[in-house]
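Here are a few notes to read with the structure open beside you. Take the points one at a time.

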Amino acid sequence: MYTGKICDTHMHVYDANTLNTVVRRINGYGYDRYALLSTSGGELGARGIVNAVILLQKLRDPGRAYAFAGLEHPDRGTASAEELLAQVKMYHRMGFDGLKMLEGKPNYRIRTAQALDSDVYEPVYAYLEENGLPLLAHVNDPRYFWDKSKMTPWQISMGWYAGDDCLPFETVRAEALAVARRHPRLRIVFAHFFFASASVQEADEILDAYPNVSFDLTPGTFYMEMAANRGVWREFFLRRADRLLFGTDFYDAAPEAHVPDCRRMLETDDSFVFFDVPVQGFALPDTALERIYRTNFERFAGSAPRPVPKAEIPAFLAWESAGMEGKQNAAETQAALATLSLGFEANK
């Protein structure tokens with residue numbers, strides 16, 4: 001097994017209650033560094049509080065914890081371009097390490113009703129590019145989510161069916177790639193392999209055309225597609241090791257085997273069941289694993305987390321609280337932010 005440093009690009013907490021559980025398990029995995037990603041760009045109940053929670057963890061674990069903020073939206077539609085830019089400037093000032101966008105996930109794309117390459121988001125991308133802040137974006141879902149007959153009951157219950165109201169897969173992908181083309185210096189990681197596992201040719205063509213784009217290996221259904229052509233995909237992983245980042249999508253309710261199985265997939269040639277799918281690991285050599293686990297992370301997110309300006313924390317919490325006025329779950333979110341402020345005080 002690989003014994004070098006491991007950095008996880010893709011992890012989540014949803015509120016202050018789950019933070020300690022996640023951190024305890026992170027410490028058990030022996031991670032060198034990790035990135036916590038906000039879900040505020042997609043989930044209404046996560047607004048405000050998640051950005052603050054992951055900022056708190058940066059303060060608690062300044063050498064290891066990275067935080068990617070999420071944009072705040074109205075209950076329906078998007079904020080103005082000026083409002084979104086102001087948010088990103090605030091996140092930059094507070095020491096966030098980049099931006100996470102869920103706005104390309106089909107059901108969230110419906111709610112925001114804005115193309116990913118629209119003028120509303122353009123100032124945000126330009127600011128990220130100019131200031132060297134990376135973007136980690138969830139774009140689309142597996143292609144078969146557009147066909148309910150191929151989905152599991154659980155997937156449907158989660159609201160992931162991309163029904164008639166959702167735009168086609170290729171339309172949303174084209175929007176995301178237009179952003180990469182328009183901003184060639186913007187470091188972009190597309191989560192979940194960009195759902196580009198239909199063929200090696202598909203994945204290669206994207207990586208060849210967009211040098212600023214990488215994929216994270218946060219697991220999902222793409223391993224199911226790769227399982228039938230393991231040898232071809234193993235060669236791809238070796239050849240593209242400098243464009244792939246380790247990620248787990250880990251959160252507090254994930255099974256104990258989740259992170260070990262993510263590593264098992266990359267490090268061993270074991271045959272096992274992963275996400276209900278029979279797979280065989282890729283048994284990658286340490287030279288490839290070192291890039292996937294550490295060096296690509298550093299190139300994307302920076303060699304160290306950005307510092308948090310402690311003196312500005314009260315103003316940030318007040319800003320987040322004020323931004324909830326009139327929104328769904330506003331009182332609950334504001335109360336949680338007020339309680340969370342005690343955690344910041346204890347960790348200054």
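1. Start with a term. A crossing of two helices is left-handed if the near helix is turned anticlockwise from the far one by less than a right angle, and right-handed if clockwise. Keep in mind that this is a predicted model.

2. Now apply the term to helix 2 (residues 49-60) and helix 13 (residues 313-322). Their axes come within 11 Å and cross at roughly 165°. An angle over 145 degrees counts as roughly antiparallel, so helix 2 is roughly antiparallel to helix 13. The crossing of helix 2 and helix 13 is left-handed.

3. Which residues make the contact between helix 2 and helix 13? Helix 2 gives Asn51, Ala52, Leu55 and Leu59. Helix 13 gives Ile313, Phe316, Leu317 and Glu320. By class, this contact has six nonpolar residues, one polar and one charged.

4. Turn to helix 10 (residues 230-239). Trp233, Phe236 and Phe237 are buried there. They cover an arc of only 100° around the axis, so they sit on the same side of helix 10. The cover over the buried residues of helix 10 includes helix 8 (200-209) and helix 9 (222-226). Strand 8 (244-245) and helix 11 (258-267) are also among the covering elements.

5. Last, look at Ala174. Where does Ala174 lie? Its place is in helix 7 (residues 169-182). Ala174 has 43% relative accessibility, so Ala174 counts as partly exposed. Partly exposed lies between the buried limit, under 20%, and the exposed limit, over 50%. Ala174 and Lys100 are 74 residues apart in sequence. In space, C-alpha to C-alpha, Ala174 and Lys100 are 19 Å apart.

Terms used
Residues numbered from 1 in each chain as written. Predicted model: local features only at pLDDT ≥ 70, side-chain atom pairs only at ≥ 80, totals over all residues. Heavy atoms only, no water. Buried < 20%, exposed > 50% of the residue type's maximum accessible area, 1.4 Å probe, protein only. Helix = DSSP H or I, 4+ residues; strand = E, 2+ residues; numbered from the N terminus. Arc of directions from axis to C-beta. Contact = heavy atoms within 4.5 Å. Axes fitted to C-alpha atoms, helices over the stretch in contact; angles between N-to-C directions. Parallel < 35°, antiparallel > 145°, perpendicular 65-115°, else oblique. Nonpolar A, V, L, I, M, F, W, Y, C, P; charged D, E, K, R; others polar.
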